[in-house]
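Please open the structure in your viewer and follow the stops below in order. Each stop names a selection and then describes what is found there.

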Number of protein chains: 2
Amino acid sequence: MTVLEKFRQGDTRALSRIISFVENREEGYRKLLGRLYADIGGALRIGVTGPPGAGKSTLVSCLIRKFREEGKRVAVVAVDPTSPFSGGALLGDRVRLQDFPDDGNVFFRSMATRGASGGLAASTDNVALLLDAFGFDIVLIETVGVGQVELDVIDTCDTVLVVLVPESGDAVQAMKAGLMEIADVMVVNKSDRPGADNLADDLKYALHLQKRDENAWEVPIMRTQAANNIGIDELFEAVNGHSRFAKENGYFDAHRKEQIRKKLFNILRHRFQRELIETLSGREEVERLIAEILSGRNNPYQVGEDLYDRFVRKNGTDRD
Amino acid sequence: MTVLEKFRQGDTRALSRIISFVENREEGYRKLLGRLYADIGGALRIGVTGPPGAGKSTLVSCLIRKFREEGKRVAVVAVDPTSPFSGGALLGDRVRLQDFPDDGNVFFRSMATRGASGGLAASTDNVALLLDAFGFDIVLIETVGVGQVELDVIDTCDTVLVVLVPESGDAVQAMKAGLMEIADVMVVNKSDRPGADNLADDLKYALHLQKRDENAWEVPIMRTQAANNIGIDELFEAVNGHSRFAKENGYFDAHRKEQIRKKLFNILRHRFQRELIETLSGREEVERLIAEILSGRNNPYQVGEDLYDRFVRKNGTDRD
């Protein structure tokens, strides 16, 4: 039996192998994704982001339990583009996810890149598609919300939870990080700690300032103590509430359409870059132009324009 | 007088304005860079990287003093793509650079991106070109060495110093981060602290494992206590030594050529992306394709291939 056949029969080892194949962008991975695209059943993607130490992993465990109560199959993708200097604390933390029974209904995959951030969002999206095609109902994408890469990752999700804790500082920091704009549900975790009220108030005010369309989803601020399983039922209802709202009001489809547009953009860009590398390496004419630039007789900006006009031609718009 | 004329007369305020113009990629910034390219006088670019807390800023101050003793004009570009959650400690640390006399011979520019990491390396390179064209002899590029973005930034430098401290952990971490491969000079700073000998030994062993060409530069491991100005003369000599070696052996020109190739790559890619965004937005045909993908009748990988073949055509190789 081929790995693909095993995948289609629900073999999680085959799933893991195919994920690695796609993650490593091995020869033919796009063709494979194209074939599996037909198997996609519309898994819901839920993103969970926030600063280190906010208790995201514990919260994710709580959510898995709720989904399992409803009989849903859940996959978790933990994206951790952390510096090698900060150590592996985040991943160690996630070992708790192994607490769930090994019945194939909860699957965990870590995507720790450690240095190679390029294309991480695209990779995560590909992996989420595989998990969807494999048959998971829910794909939870957990990431440390600290940079553009992580925002891109989380942007592929249908519902986004931003988790903050009183000690993580104020709501202003979250705004600066661009987290307020992407939040569908705000979570104040460890809400028994001092400062929780202030944080919730600040978040409420900051969300108010965002002045969304009055028909838009109103971002709820949920208080939880994930470690004690407090506030999880209400959070779960808020997550489902957003999902229902988005589907009923067309936001869900609109967002997915934009994701497809971005995916096309990335596929085209990636292929262009590959051809560009070929073109810029070893061709005699290019070497001559580089030598001209090095000697100061020409400049890269001018040469770039010239090469572009000759190398790339728009086909569509010129002829429409 | 125009800003450009003031720039050419050595007005640092004009320099700052033009840097912002280029950093923000305002309309016409490439044309301006193309014009200023002729003014480039071959400033040496020295990169200083390492984990937070390694004492890079102090070390940079020491190096500035040495270069000033030789009458060299020095510009510092501090690149700090730090998370908003980690606060502004790094930048605060750099205020010390203001200690130098305000005579236009030492210039400091911070490039804190806080979220928008895309194109940071290209921006840093553009700013370094401006500083070169303005008349600085040395451009010091300081960055926290934690991810691919920072490695790309530092890659534009002619000589790269990697700064570690005993407490920053072992040499293995630095290897994982890709720092060993880019180092031309290794610095063990705070070398009076426990563990300095071990760190130096580990680095020596790790560098040995890299097995470079026997004609290649042998990366020296320098011990410093920057806060007490200890070991700085020796470090300065090592930096100059690498620079001489690279120029005499052709490595300097070879590296600059590769940088120009990368720059051309980035210019072409950037322009392609701009056109791609236009093409993928609002065209009826594209909307139809996206709807097909959303409904499951097609997949993005196939559509991507089709769009590429129609949208982009190689001009050069097909006709050569």
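**Chain A as a whole**

Begin by selecting chain A, where 42% of the 320 residues count as buried. The model is a predicted one. Colour chain A by secondary structure to display 15 helices and seven strands. If contacts are drawn for chain A, counting those with a separation of 6 or more, 75% of them join residues 24 or more positions apart.

**The domains of chain A**

Next, colour chain A by domain: residues 1-39 form domain 1, residues 40-251 form domain 2, and residues 264-319 form domain 3. Then select domain 1 and domain 3 of chain A together; their C-alpha centres are 34 Å apart.

The handedness of the H12(A) and H13(B) crossing is right-handed.

For the last stop, show the side chains that belong to this contact. On H12(A), select A:Asp253, A:Arg256, A:Lys257, A:Ile260 and A:Arg261. On H13(B), the contributing residues are B:Ile290, B:Ile293 and B:Leu294. Colouring by residue class shows four nonpolar and four charged residues in the contact of H12(A) with H13(B), and no polar ones.

Terms used. Residues numbered from 1 in each chain as written. Chains lettered and ligands numbered in written order. Predicted model: local features only at pLDDT ≥ 70, side-chain atom pairs only at ≥ 80, totals over all residues. Domains from an automatic or database assignment. Left-handed = near helix turned anticlockwise from the far one by under 90°. Helix = DSSP H or I, 4+ residues; strand = E, 2+ residues; numbered from the N terminus. Contact = placed C-beta atoms within 7 Å. Nonpolar A, V, L, I, M, F, W, Y, C, P; charged D, E, K, R; others polar. Buried ≥ 20, exposed ≤ 12 C-beta atoms within 10 Å, placed from the backbone.
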